[in-house]
Amino acid sequence: YQWPFHSTRMLDYGSSLFDLAVVLEQQAGRKVYLDFLRNPEPVRDGDEFSLDDLDPDVRAYLENNESLLKLPIERLKRMNPLAIELYRMHGKDLCQEPLEFAMNNQHMNGGILINDWGETSLAGCYAIGEAAGSHGVTRPGGAALNSGQVFGRRVAIAIDRKLTHSDTSAVSNQVNEVIVEKTLEEAKHFVETSKHQFREVRQEVQSRMSEHAGILCSEQGVSAALNKAKELRQQLELEGIKASSAALVGHSFRWLQMAWVSEAVLAALDFYIRNGGGSRGARTICSDQGSLCPEASLADLSEFRFIAEQETDKHKKIVVQLDQNQIKVDEVPIDLSPEVKREFFEKGWGAYLIKEG
């Protein structure tokens, strides 16, 4: 299995075809389980499952980890026993029962625009990890490490420098009571007079995003979803989100912000598709005019015909910003001029430690 989902991996019986199958089962209202207690059943010609029939790179991966064992649970125990313990801590014993799972629309591969030191356009505000727009379109594991650990360190250095070299005495600590009272009054009105409940808002936002902005997208679906998302956001700004107790006030404001995020993501996606964007990263742009189509031995998958990735897509990025309480979408070129020299960890780690010391 190759992670994460990618449209081209649905072709030629690639591993993302399995992701498509899971999504279709979910949409049909059924559940999918991963059973570590048995191997896959025989295929139609009757051949039993064998590790020798795996792709060479997959079999080599198991062999290198000394995991050429009979059952999946045995292979998991050898390779990642802590995973078994983690699920057991949460009431799921993989040694006794199958594990229910579903597609997770994790890989948006967008985020807040940052500079080389993780600072956003809001002075003094920094973003790292999956909040920052620094991942590659397919987001390999190494990108996660860089965005989280490396940028965490860079942000700490940047903040320290700013505090060290700035004149903190010039910062006023005086509170404008008029502004505070007005803000509190608006917040009180927002959470007390609304007919909207945050759980209902959450369900609407999540369902719409999963259905129209997940691994399967279409021009018509995204456009309609964008209109609905904008309509909801406008309603919430006018009418608020009710908080039935003080403990739920934070949820009210959080889901107003998530309504904005939903609209922003759909606006970017709508802009991308309308301007001829093809299937990239974790999103398949389905269209009757698409040039690529997944196949299955027992099902017609022609409705998932999709537009191929365009070479021009790789040379630009979409930037979304708020302008006069409206979402503005622009396309900007990517700077491809820096040439990155490949570094080898083992070769450079020692020198790095000595330099740091």
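D53 lies in the loop between β1 (32-34) and α2 (56-64), helices (H or I, at least four residues) and strands (E, at least two) being DSSP runs numbered from the N terminus. D53 counts as exposed because its relative accessibility is 59%; exposed means over 50% relative accessible area, buried under 20%, and partly exposed in between (1.4 Å probe, protein chains only). This is a predicted model, in which local features need pLDDT of at least 70 and side-chain atom pairs pLDDT 80 or more, while totals for chains, interfaces and linings use all residues. Residues are numbered from 1 along each chain as its sequence is written, and side-chain values use heavy atoms, without hydrogens and water.

**Surface patches**
- D45, D47, E48 and D53 gather in a surface patch of negative charge.
- V175, V180 and L184 form a nonpolar surface patch with about 280 Å² of accessible area together.
- V175 is in the loop between α5 (141-165) and α6 (177-192), and V175 counts as exposed because its relative accessibility is 56%.

**Nonpolar core**
- The largest nonpolar core has 31 residues, of which V201, L236, I241 and L266 touch the most other members.
- The largest share of this core, 11 residues, comes from α9.
- Such a core is a set of buried Ala, Val, Leu, Ile, Met, Phe, Trp, Tyr and Cys residues joined through side-chain atoms within 4.5 Å.

**Overall**
- The protein has 10 helices and six strands.
- Of its 357 residues, 29% count as buried.

Conventions
Patch = residues over 30% accessible without salt bridge, like charges linked within 9 Å, V, L, I, M, F, W, Y side chains within 5 Å. Areas by Shrake-Rupley, 256 points an atom, 1.4 Å probe, with all protein chains shown as cover. Salt bridge = Lys/Arg side-chain N within 4 Å of Asp/Glu carboxyl O. Lys, Arg positive; Asp, Glu negative; His and termini not counted. Charge placed at Lys NZ, Arg CZ, Asp CG, Glu CD.
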